[in-house]
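Student: I would like to learn how to read a few features from a set of coordinates. Can we take them one at a time?

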Amino acid sequence: MSTFDSTRLPLKDLLKEIVSGKIQLPDFQRGWVWDDEHVRSLLVSLGRSFPVGAVMLLETGGEVRFQVRPVENVPPQALSAPEKLILDGQQRLTTLTQVLKLSGPVKTTTEKGKPVDRYYYIHIPTALAGPDKLDDALIATDSNRQIRNDFGRNIVLDLSTREQECQQLYFPCSEILEAMGWLQDLYKMNSSAVPQFFEFKSHILDAFNDYQLPLIVLKKETSKEAVCLVFEKVNTGGVPLSVFELVTASYAADGYNLRDDWYGSEQRGVSSRMQRLTKEPVLRGVENTDFLQTITMLHTLEKRRADLAAGKTGKQISPVSAKRASVLELPLSAYLKWADVVEQGFLRTAKFLRQECFTSQRDLPYRTQLAPLAAVLAIMGDNERWREPQIYQKLTRWYWCGVLGELYGGAVESRMANDVEELSDWIEMSGDVPRTINDATFQIDRLSSLTSRLSAAYKGINILVMREGAYDLFWKSQIRHLEADEVALDIHHIFPKDWCEKNGITKRQYDSIINKTPISYKANRMIGGSAPSVYLAALQSHQQVQLDEASMNKLLESHHLPVTPMREDDFFNFYELRQKELLKLIERVMGKKTNPA
C-alpha cells in the first residue's frame, strides 16, 4: 500500500492554507534562513514559470504527533488546527508566504548574514522589456520602502507611499495574488499607466497566480521512523535531523519539554541532566541520543520479560532494541519512568571506568559501549552492588572483550541490545556467557599493527598497563595516581624514534604499541633520542630520582617491559618479549587465549 499521494496545487491556495494555519511546521524544523539573494532568485523563477521543486507534506491525525508552530511571521492568533505539516520545502514556502501573503517586511539577511528587513517590488516597465529582464526588474527596499546609497545619506528610490509606487510604476510583491486593490489606486493616481498594468498582469502576475506546485503528501499512517528517514533524505543540504530532536517534538505534543530536561532552563527553573552527567570527565562525550538509547533498551527489555512471563512464544515476544525505530517509538511514560534510573546507571558507569583507570573522555575506546553498561548498572538496584567481586569480574571481562575484540565500532545497535539482556542475565546467574565475550578474539599479530592513538585496542592496552600498576620512571609514583593529580602524561616510545631510525628499525615496528608505554613528560624529556641503556643510567643517577639498578628494574617491570634487552639496547629481543608480556595481559582480562595469526 502506498504511503503517499502525488498531486499539484495552485501556489495561491497553498499559501492561503499556510496563513490560515491549516499547514504548519513540525517543531523540529529549524528556522527560516534564506538570504535576500535567495528570495529574489525564487521570485524570478516563479515569475518566469520555472520549476522550483516539489513540496512534501505530512497529514496530521496519525500516530506521529508533534509539537507544531506556524510558518515564520504568520500571526499565531486564531489559527486553524493544522491538517498538514511541512517536511520539505520550508524555506521556499516561508519565503513565498512572507513575500506574497504578509503585509509586513520580509525579515531576511544579507549574503554575509546580517539581519535586514526588506520589501520587494517589480518595476513594471523593466519587466515588460522581456522575460530576461525580470531579474533586473525585481528590487528590494529597506524597512522604510526606500533605497539609499552613500552609507544611507542619499535616497535613491522612495516608495514609502502608494502614490509614489503608482507614479513610478513599482508594483509591490505583497499584492501579486490580490492585485485589484493596487489597480484601483493606479486608476486614481496614474490612470495613463493602466493599459501598461494589464500587459504586466498578463505577462507576469498571471504567471504567479497560475503557478502550481508539485506536492507529495505523506499519509497519516506513515510511521515516525519513516518520517524521520524521509526528512533526512530530502534535507540533504541541511544539518541531519537527530532522533533527539524528533522525540523532543513528539513529547512536546504531550506537554513535556525534553530539551529542558537535557539542557536545563534557567527561565523555567529546570536543572540540566547533561550537566549533572558531564561533571564526570569520562562522560563528557555522552550524547542525548545515547541517553535515549539506554532508556529504550531498558523499556524494551521490560516488555520482553513481561512477554516471556506471560508465556508468549516466537514473534510474539518483544525484542530488546536500541534501534532508531524503537527510540522513536519510546513513549513519554517510559522516559519518565527510566530517566532518573538511567542517570544513576551512567554515574555508576563513570565509577566503574575510573576503577578500570579511565579518567577522561579521550581515553575511552568506544563511546558506544557506555549505553549497554549504563543500562545494566541502572537495573542492578543497589548503588554499590556492581563492586561485589564476582559481579565486578564479569563486568570487567565483558568490557575488555568488547574493547580488545574491537566489537563496538560501526553499527552496533544489535550488539548493544543483546548485551543488555545477556550481561544482565549472566550477572544474575540466569543466563549464559554474553555473546560479546564469546565473539571476542585477539589476533597475536594485531599488536604489531596497533600504531594509531584512535584505535580502540591501542587505547585499551595503554590503559591496561596503567591499570596493572605501572610506575613513572621519573616520579616513581603509579601512573594512575599521577593522572589523577593532573601531571602531564602521554604514551611514548621505549626505544626512541630517532635511535630506531638510525639503527634501521622500520616505522611499523618502532611505532607499534609494543614499543610504547605511558610515562610523564619529565621522563620522556630525559629519554630524548637516546638508547635505553643511556637514558636509564641518566634517570637512575638524576638527583631527583636516585635509584639503583634493581629499583629501576622494578619500575620497568611494572610496565611489562623486558629489562635485559633494554639495558643491552637489543630492540628485536625486546620487541619479541614485550609482545608476549602484553599478550599475557590481554589474555588475563579477556579470560581467553589469543589467536595465532
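Student: Which residues are buried in H3?

Tutor: The model is predicted. Burial is read from relative accessible area, and under 20% counts as buried. In H3, the buried residues are Gln90, Gln91, Arg92, Leu93, Thr94, Thr95, Leu96, Thr97, Gln98, Val99 and Leu100. Helix H3 spans residues 90-100 and is mostly covered, with 11 of its 11 residues buried.

Student: How many disulfides does the count come to?

Tutor: A disulfide is a covalent bond between the sulfur atoms of two cysteines. The cut-off for the sulfur pair is within 2.5 Å. By this rule the count is zero disulfides. The cysteine sulfur closest to that of cysteine 166 belongs to cysteine 173 and is 15 Å away, too far for a bond. Cysteine 173 is likewise in no disulfide, its nearest cysteine sulfur being that of cysteine 166.

Student: Are these cysteines buried or exposed?

Tutor: Cysteine 166 is buried at a relative accessible area of 0%, and cysteine 173 is buried at 1%.

Student: At roughly what angle do the axes of H15 and H17 cross?

Tutor: An angle of 65 to 115 degrees counts as roughly perpendicular. The axes of H15 (residues 332-355) and H17 (residues 389-404) cross at roughly 80° and come within 12 Å. The two helices are therefore roughly perpendicular to each other.

Student: Which residues in H15 and H17 meet?

Tutor: From H15, Phe352, Leu353 and Gln355 meet Tyr392, Leu395, Thr396 and Tyr399 in H17. By class, this contact has five nonpolar residues, two polar and no charged ones.

Methods:
Residues numbered from 1 in each chain as written. Predicted model: local features only at pLDDT ≥ 70, side-chain atom pairs only at ≥ 80, totals over all residues. Heavy atoms only, no water. Axes fitted to C-alpha atoms, helices over the stretch in contact; angles between N-to-C directions. Helix = DSSP H or I, 4+ residues; strand = E, 2+ residues; numbered from the N terminus. Parallel < 35°, antiparallel > 145°, perpendicular 65-115°, else oblique. Contact = heavy atoms within 4.5 Å. Nonpolar A, V, L, I, M, F, W, Y, C, P; charged D, E, K, R; others polar. Buried < 20%, exposed > 50% of the residue type's maximum accessible area, 1.4 Å probe, protein only.
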